[in-house]
Amino acid sequence: MNGRMFTLDVNMPESGFVIHEMDHPLFQLLCFPDEVERSLNPTAQKYVRDSRAIASTAVDVKEMPQSYVFVADMPGLKSADIKVQLENDNVLTISGERKREEHNPDVKFIRMERSAGNFMRKFTLPANANKEGITAACHDGVLTVTVPKIPPPEPPKPKSIEVTVG
């Protein structure tokens with residue numbers, strides 16, 4: 001993957017997820033008007049475009065009775081372009097690269113709105129996540145990662161003790 005990467009995530013402590021906030025100074029660049037972006041040198045333009053691609057990778061996180069489900073739109077990406085990994089035994093990482101079409105010198109873009117570049121999202125999984133049972137599937141441009149929950153332990157049953165006469 002070329003270029004720089006950073007993560008953009010939101011805290012959700014009520015669900016048990018601890019997700020890293022972005023405190024990167026590039027955050028202000030994400031809101032750059034296109035006219036300002038065009039005035040930057042090509043390296044800075046690529047950096048801003050890549051950052052927008054990373055920031056625009058929205059992920060829905062749902063808690064179901066038996067699992068946690070992560071759903072991300074991945075339009076135009078093949079399964080081979082997407083990586084789903086478990087790092088440090090509890091950090092789910094979704095990453096990849098959206099590639100721009102080949103540059104043709106005879107074609108002049110009037111406007112480029114589709115995002116391209118590297119993307120990465122990281123989620124710290126809660127303690128009851130079954131890390132061995134994680135599955136990922138991409139269908140019609142939608143990535144669904146399912147993390148099963150470890151069932152809670154059954155409460156201990158009271159033990160009856162026989163009372164003897166004597």
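Student: Which residues touch the most other members of the largest nonpolar core?

Tutor: A nonpolar core is a set of buried Ala, Val, Leu, Ile, Met, Phe, Trp, Tyr and Cys residues joined through side-chain atoms within 4.5 Å. Buried means under 20% relative accessible area, exposed over 50%, and partly exposed in between (1.4 Å probe, protein chains only). Here the largest such core has 16 residues, and Phe70, Met74, Ile94, Val145 and Val147 touch the most other members. At least two residues of this core come from each of strand S2 (67–73), strand S4 (91–98), strand S5 (117–124) and S7.

This is a predicted model: local features need pLDDT of at least 70, side-chain atom pairs count only at pLDDT 80 or more, and totals for chains, interfaces and linings use all residues. Residues are numbered from 1 along each chain as its sequence is written, and side-chain values use heavy atoms, with hydrogens and water left out.

Student: Which residues does Val147 touch, not counting residues up to four places away in sequence?

Tutor: Contact means heavy atoms within 4.5 Å. With those sequence neighbours not counted, Val147 touches Ser67, Tyr68, Phe70, Leu92, Leu125, Ala129, Asn130 and Ile134.

Student: How many helices and strands are there in the protein?

Tutor: Helices (H or I, at least four residues) and strands (E, at least two) are DSSP runs, numbered from the N terminus. The protein has two helices and seven strands. Their order from the N terminus is α-α-β-β-β-β-β-β-β.

Student: What is the order of strands in the open sheet?

Tutor: Strands of a sheet pair through backbone hydrogen bonds, either parallel or antiparallel. Two strands count as paired if DSSP finds at least two bridges between them. In this open sheet of four strands, the order is S1-S2-S7-S6 and the pairing is antiparallel. Strand S1 (59–63) and strand S6 (135–139) are at the edges with a single partner strand each, so one side of each has no neighbour in the sheet.

Student: How many bridges join S2 and S7?

Tutor: S2 and S7 pair over seven bridges, and Val69 has Thr146 in S7 as its bridge partner. S1 and S2 pair over five bridges, with Asp60 facing its bridge partner Val71 in S2. A hairpin of three residues joins S1 to S2. S6 and strand S7 (residues 142–148) also pair over five bridges, and His139 has Val142 in S7 as its bridge partner.

Student: Why is S2 largely enclosed by the rest of the structure?

Tutor: Six of its seven residues are buried, so S2 is largely enclosed. Of the 166 residues of the protein, 30% count as buried.
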